Amino acid sequence: MASPTLSPPRPSSSNGAVRTPPRTRGQSNGAIPRGESDSFALVAVVSVMLGILVGVLGIFAIAMWFDARGARDAAEQAAAKVTPAADAGMDHSSAAGGLASYAGAAPRNAQDLAAAHKPFSAAMPPIPKGVANVNLVLKDITHEIAPGVKYSAWTFAGGAPGPVIHVRQGQMVKITLTNGGAIPHSIDFHAARVAPDKAFRDVAPGESISYTFRANDAGVFMYHCGTKPVLAHIANGMYGAIVVEPKAGVLPKADKDYVLVASEWYLSSDGLTKPAQYNQDKARARQPDWMTFNGYAGQYVTHPLTAKPGELVRFWVVDAGPSLDTDFHVVGTVFNTAYPFSDMNPAHALNNVQTVTVPAGGGGVFDVEIDKPGLYPFVSHAFAAVDTGQVGLLKVGDVEGTMSH
Ligand SMILES: [Cu+2]
């Protein structure tokens, strides 16, 4: 946990001290002439008075330092008081201002760890038949967000993001959330038109909630925990995507469908030796340490998504936030078709555009067809996001090597 460095005031004696002139040695056998003896007396008096002054100032300085410490302690205690007792897994010590960045922290064997990491599957799962039964068990886990960087997360079904859900427009969806965590949680589906005070209500640890909705709105939607403080629950990993595929024939058939969930991570420590926790100050200041697609920095750089030349690749992108937008862009090409805000009406689509914003809490769908074999980075073109991990590669054709951006 980062605590502010309060350096005590420098002792007043270290600056502004008056130097006494170097004592001149008596030239004749140690006897001091009268005039000189007077001036030595004066210097002695001034020195004593300065000594007293320095002492008094020193006492003041120490008193002020204790005062500052007392004020800081009081602020921390006050911050602790407004923190709900149920906030296990959060670090509030940063209430005194810990915005130190742990972006890019990595162990020596980071490359090996990245290679050994099993990437979150971006491939679209099949559509279940009949009612889509979605059973999510919430678990508190240690989640790796970058090579060797661990985080104490709260996750739907054991991962951040939670599982990708795929249904067809008009299909019934039955959600069941079982709370296997330590504090209350809930589940809010953006694809649902339901009374949130009932369907999205808090579930106590050990209990379950169930509700159904008909997925009449096509697109890619966020789901997330909506328990207060929502900022913390989303930042701790409680989100995922549901794809509501438009009715057959509305969209051209894609050869590859990939789902990406963008998110930010706000860390209390570098997470290398022990799992980091949520840092409230950074989350409020929107200063993430890491940003990811599907919960792990740069995982599709090491393990690229693939396509053959000329295939239609469709990206279904949700930005889980909690607070920053994703400016989706594929380097080296132009979106043939973009469905901003995941409005899937083809008449509203954009053609031949370079970068499209996916807002926090929203979605967007992007079609690309790439003829030339190569490695095409996909990014949030707000480049601080790339710098902190929100980048992957689409490998078109059978090409070698890698490319980082
Ligand atoms: Cu929650």
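Student: Where does Thr333 lie, and why is Thr333 called buried?
Tutor: Thr333 lies in the loop between strand S15 (326-330) and strand S16 (335-339). Helices (H or I, at least four residues) and strands (E, at least two) are DSSP runs, numbered from the N terminus. Buried means under 20% relative accessible area, exposed over 50%, and partly exposed in between, with a 1.4 Å probe and protein chains only. Thr333 has a relative accessible area of 18%, and is therefore buried.

Student: On what kind of model do these values rest?
Tutor: The model is predicted: local features need pLDDT of at least 70, side-chain atom pairs count only at pLDDT 80 or more, and totals for chains, interfaces and linings use all residues. Residues are numbered from 1 along each chain as its sequence is written, and side-chain values use heavy atoms, with hydrogens and water left out.

Student: With which residues is Thr333 in contact, leaving aside its neighbours within four places in sequence?
Tutor: Contact means heavy atoms within 4.5 Å. With those neighbours left aside, Thr333 is in contact with Val368, Glu369 and Ile370.

Student: Which atoms coordinate the copper ion?
Tutor: Donors are N, O and S atoms within 2.8 Å of the metal (3.2 Å for Na, K and Ca); water is not among the atoms, so sites may look incomplete. The copper ion is coordinated by His185 (ND1), Cys225 (SG), His233 (ND1) and Met238 (SD), at 2.0 to 2.5 Å. In sequence these donor residues follow the spacing H-x39-C-x7-H-x4-M. His185 sits in the loop between strand S5 (172-179) and strand S6 (188-189), and His233 in helix H4 (residues 230-235); the pair, 48 residues apart, links distant parts of the chain.

Student: What makes the arrangement of the 4 donor atoms around the copper ion tetrahedral?
Tutor: Four donors count as tetrahedral if all angles lie between 85 and 135 degrees; four count as square planar and six as octahedral if opposite donors are over 155 degrees apart and all others between 65 and 115; anything else is irregular. The angles subtended by the 4 donor atoms are 86 to 134 degrees, so the arrangement is tetrahedral. For reference, the ideal angle for four tetrahedral donors is 109.5 degrees.

Student: Is His185 buried or exposed, and is His233 buried or exposed?
Tutor: His185 has a relative accessible area of 0% and is therefore buried. His233, at 2%, is buried as well.

Student: How many aromatic pairs does the structure hold, and why is the pair of Tyr258 and Phe315 given its label?
Tutor: The structure holds 15 aromatic pairs. Rings of Phe, Tyr and Trp (its six-membered ring) pair if their centres lie within 6.5 Å; planes under 30 degrees apart count as stacked, over 60 as edge-to-face and the rest as tilted. The ring centres of Tyr258 and Phe315 are 6.3 Å apart and their planes stand at 40 degrees, so this pair is tilted. Tyr258 belongs to strand S10 (residues 256-265) and Phe315 to strand S14 (residues 312-321), so the pair ties together parts 57 residues apart in sequence. Both residues, Tyr258 and Phe315, are buried. One aromatic cluster is formed by Tyr258, Phe293, Tyr300, Phe315, Phe328, Phe335, Phe366 and Phe378.

Student: How do you know that S21 is largely enclosed by the rest of the structure?
Tutor: Of the 6 residues of S21, 5 are buried, so the strand is largely enclosed by the rest of the structure. Leu393 lies in strand S21 (residues 391-396); its relative accessibility is 0%, and so Leu393 counts as buried.

Student: Which strands pair with S21?
Tutor: Two strands pair if DSSP finds at least two bridges between them. Strand S13 (residues 305-307) pairs with S21 in the parallel sense over 3 bridges, and Thr306 stands opposite Lys395 in S21. Strand S20 (residues 374-380) is joined to S21 by 6 bridges and runs antiparallel to it; here Leu375 stands opposite Lys395.

Student: Why is Pro126 called exposed?
Tutor: Pro126 has a relative accessible area of 71%, and is therefore exposed. Pro126 lies in the loop between helix H2 (110-116) and strand S2 (132-146).
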